[in-house]
Amino acid sequence: TATPTPTATPAALTVLNLADGDLAPYASSLLGTYPENQEEIIRVFVVPPPVADGSPARLYPQSYNHCEGNDGAAMQGGRWEQHIQVGLPIEKDVGQPFEIVVTTATTEGDAAVVAEIQRWCDDPEKNWPGFAELPSGVDEVERITVIRSDEILRAPDLSGAQLPGALRITSPRDGRNIAEIGYYD
């Protein structure tokens, strides 16, 4: 059993598990912290690499299920999480740079994002070019560039994350075989 100790409330909106230059699979969760006074909705966008024809970069909002509730990142107790997809599950995206843009959105800004997602969901062709720029009321907080790995799915790696607080394991006790213990505290 793990017993967390109290943690200090973060002072800023941050990303915990990815940084510039990291390898990122096609699908994973982006994790972060937010300050106690955070009122805006946290939205994450993925920007694919530039296309050969010189077209401007497009921003694609991330969601747990685009067409079944277009909410932003899940937020609780100073932590946030957002499922992200880096590119498509195809080989040509492996090794390519993708930008991950973390934003905050006012109610009005979020409504603009939700309306565009819904427009895409309602399009039988699912032909949506993404956002040319962030809608009014959606402000960029952090932008990182990751390299798409050959993995399709990965659980978030927290080994290098600077997590506030401490964790203490109270059971099972050191040296005990797990088979000796019928339950864990």
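How much space lies in the largest pocket? About 760 Å³, going by the grid calculation on this predicted model. The pocket search runs on a 1 Å grid over the protein atoms alone, and a pocket is an open set of points where a 1.4 Å probe fits, with protein on both sides within 12 Å along at least five of seven lines. Grid points are joined across faces, edges and corners, and the volume is the space filled by probe spheres set on the points. Because the model is predicted, local features need pLDDT of at least 70 and side-chain atom pairs count only at pLDDT 80 or more, while totals for chains, interfaces and linings use all residues. Residues are numbered from 1 along each chain as its sequence is written, and side-chain values use heavy atoms, with hydrogens and water left out.

The lining (residues with an atom within 4 Å of a point) comes to 30 residues, with Pro48, Tyr60, Gln85, Gly87 and Leu88 lying nearest the centre. By type, the lining splits into 18 nonpolar, 8 polar and 4 charged residues; here Ala, Val, Leu, Ile, Met, Phe, Trp, Tyr, Cys and Pro count as nonpolar, Asp, Glu, Lys and Arg as charged, and the others, Gly among them, as polar. Strand S6, strand S8 (79–85) and helix H1 (107–122) each put at least two residues into the lining. These elements are DSSP runs numbered from the N terminus, with helices (H or I) of at least four residues and strands (E) of at least two.

Tyr60 sits in strand S6 (residues 60–61). With a relative accessible area of 26%, Tyr60 is partly exposed, a class that falls between buried (under 20%) and exposed (over 50%), using a 1.4 Å probe and protein chains only. Setting aside neighbours within four places in sequence, Tyr60 is in contact (heavy atoms within 4.5 Å) with Val44, Phe45, Val46, Pro48, Trp128, Pro129 and Gly130. Trp128 is 68 residues away along the chain, yet its C-alpha atom is 9.4 Å from that of Tyr60. The Tyr60 side chain also reaches the backbone oxygen of Pro129 at 2.8 Å.

Thr103, in strand S9 (residues 97–105), is buried because its relative accessibility is 0%. Leaving out residues up to four places away in sequence, Thr103 touches Ile41, Ile42, Arg43, Phe45, Leu134, Val138, Asp139, Glu140 and Val141.

Two residues on that list, Arg43 and Glu140, turn up again among the charged pairs. The structure holds 5 salt bridges, each a side-chain nitrogen of Lys or Arg within 4 Å of a carboxyl oxygen of Asp or Glu. One of them pairs Asp110 with Arg43, the closest N and O atoms being 2.6 Å apart. That pair ties together distant parts of the chain, 67 residues apart, with Asp110 in helix H1 and Arg43 in strand S5 (residues 41–47). Asp110 counts as buried at 10% relative accessibility, and so does Arg43 at 0%. Asp93 and Lys92 meet in another salt bridge, at 3.6 Å from N to O; Asp93 is buried at 7%, whereas Lys92 is exposed at 63%. Glu140 bridges to Arg143, with the closest N and O atoms 2.7 Å apart. Glu140 is partly exposed at 40%, as is Arg143 at 34%. Salt bridges with shared partners join Glu99, Glu140 and Arg143 into one network.

Technical notes: A polar contact is a pair of N or O atoms within 3.5 Å; within protein, one must be able to donate a hydrogen and the other to accept it, and residues adjacent in sequence count only if both atoms are side-chain atoms.
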